[in-house]
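Here are my notes on the model, as numbered points. Have the viewer open while you read.

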Amino acid sequence: MKKIKTQVAIIGAGPSGLLLGQLLAKQGIDNIIIERVSGEYVLGRIRAGILEQGFADLVREAGVAGRMDSEGQVHEGVAIAVDRKKYRIDLKNLTGGDVVICYGQTEITKDLMDARAASGQTTYYESDDTALHDVTTDSPYVTFKNGGEEYHLDCDFVAGCDGFHGVSRKTIPEDKRTEFERVYPFGWLGLLSDTPPIDHELIYCKSERGFALCSMRSNTRSRYYLQVPLSDKVENWSDDAFWEELKKRVPDEDVPNLVTGPSIEKSIAPLRSFVCEPMQYGNMFLVGDAAHIVPPTGAKGLNLAASDVATLYRIMCRVYQENDRDCISQYSGIALRRVWHGERFSWWMTNMLHDFVDAALDNDLDSKTFDRFMSSERNFFLENEEGRRVIAMQYVGLPYEQLK
Ligand code: APR
Ligand code: PHB
């Protein structure tokens, strides 16, 4: 057994773990990351990349913003289309200046990994059997296997940044945590292609054939999604079938601008809302997907992870720089207030923009009545400026709550 030591043990090298690690290191707070898979595997995951200003500012504070600021695209607006008619949500004007940055999560992750490697901090990739011990005491430790060796890592705190399937959340005894969950009765079929995007801004489309999203990674790479039944299979969708269906769901005015081409990647993702309360147990904190999942319709997954990181980072700075341990107990409350807001917005956007007519609903409304209510809701919000402002304020993200 090899004994090692750090101040903050971070489980998981996704965006949450890497961003936290970089911020802490910049403040001279020592940390070690333990990751189950390889760095290449982490970078192979294709995920949304709409960054709120709060997230972008954190990346800047971590000193890793070079490529994000030069290559990321500033989006001042986003479109929502209903039955092929387009409404623009003018994010910048409606919020008094806020925008979002479109920069792939893969790119951010790569930048963070490169910065970590350059600064010489330790990451144990391809680790097995990670287990958290004594997290409610002043001397927690983590055990894991790496390269045929068994490790015992002593630390002051554990940051559980190990995603939805990680081990950290399960360290909280079942009678001390509550989990909230909703699984939606459809999935998103995603397609990535080296074709110019249909428009310079994202288009969220509600059509009678179901939801579609037109997104992008750059001026030459597009990302599109179609709502499909959960029972559907990727093999059922040739590239041609995908493009034909997409054309039927996007606004009429945009159809002529759709450039099609071979897919680089195609996959179906289920949609889930999930929250674990509380988000801390003794000296262990859950961060990002380890504690909460949102359906992707509001582009909030990565951004909620970022606000957790911001809160934990500020707490760690207080602990190590001002010797204030009282602030530790604020973590879960602050994180969860913002998480629940993001959960509600993502759930609402999902309800507004998807077709539920043939799907079972888990409330006491039949699906046709639900559809009428949502149709009325869409008109109410999209047809007037105050409604669009309410969407814009939430899309760009609420301000981060400060520590007391
Ligand atoms: N030990 C070590 N690492 C683990 C373990 C384990 N037992 N289990 C999981 N991991 C690793 C995963 O391999 C993954 O690399 O933890 C990492 C978690 O990363 P993410 O799932 O990307 O979660 P997070 O960093 O919180 O990022 C949140 O990613 O899923 C999206 O929408 C989400 O954009 C949001 C962002
Ligand atoms: C994406 O580009 O993958 C993307 C963008 C916005 C979303 C979801 C996914 O809301």
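1. Start with Tyr225: one of its polar side-chain atoms sits 2.5 Å from an oxygen atom of ligand 2. Arg217 also makes a side-chain contact, with a polar atom 2.7 Å from an oxygen atom of ligand 2. Ala299 uses its backbone instead, an N or O atom lying 3.3 Å from a ligand 2 oxygen. A polar contact here is a pair of N or O atoms within 3.5 Å; within protein, one must be able to donate a hydrogen and the other to accept it, and residues adjacent in sequence count only if both atoms are side-chain atoms. On its own, ligand 2 exposes 280 Å², and the protein buries 99% of that (Shrake-Rupley areas with a 1.4 Å probe; for residues, only the protein chains shown count as cover).

2. A word on provenance: this is a predicted model, where local features need pLDDT of at least 70, side-chain atom pairs count only at pLDDT 80 or more, and totals for chains, interfaces and linings use all residues. Residues are numbered from 1 along each chain as its sequence is written, chains are lettered from A and ligands numbered from 1 in the order in which they are written, and side-chain values use heavy atoms, with hydrogens and water left out.

3. What surrounds ligand 2? There are 13 residues, and the closest are Tyr204, Ser215, Arg217, Tyr225 and Pro296 (near means a heavy atom within 4 Å). By class, the shell has nine nonpolar, two polar and two charged residues; Ala, Val, Leu, Ile, Met, Phe, Trp, Tyr, Cys and Pro count as nonpolar, Asp, Glu, Lys and Arg as charged, and the others, Gly among them, as polar. Strand 16 (210-216) and strand 17 (222-229) each put at least two residues into this shell. Helices (H or I, at least four residues) and strands (E, at least two) are DSSP runs, numbered from the N terminus.

4. On to ligand 1, which has 25 residues around it; Ser16, Glu35, Arg47, Gln105 and Asp289 come nearest. An N or O atom in the Asp289 side chain is 2.4 Å from an oxygen atom of ligand 1. Ligand 1 also has a nitrogen atom 3.1 Å from a polar backbone atom of Arg36, and a nitrogen atom 3.2 Å from a side-chain N or O atom of Thr130. Of the 710 Å² of accessible area that ligand 1 has on its own, the protein covers 90%.

5. Which elements give two or more residues to the ligand 1 shell? They are helix 1 and helix 9 (301-322), and helix 9 gives the most, with three residues. That shell divides into 10 nonpolar, nine polar and six charged residues.

6. Helix 1 (residues 15-26) lies across strand 2, strand 3 (31-34) and strand 13, at about 165° to strand 3. Contact means heavy atoms within 4.5 Å; axes are lines fitted to C-alpha atoms, for helices over the stretch in contact, and angles run from 0 to 180 degrees between N-to-C directions.

7. Those strands belong to an open six-stranded sheet with mixed pairing, in the order 9-3-2-13-20-19 (two strands pair if DSSP finds at least two bridges between them). Its edges are strand 9 (123-124) and strand 19 (280-281), each pairing on one side only. Strand 2 (residues 8-11) and strand 13 (residues 157-160) run parallel over four bridges, with Val8 opposite Phe157.
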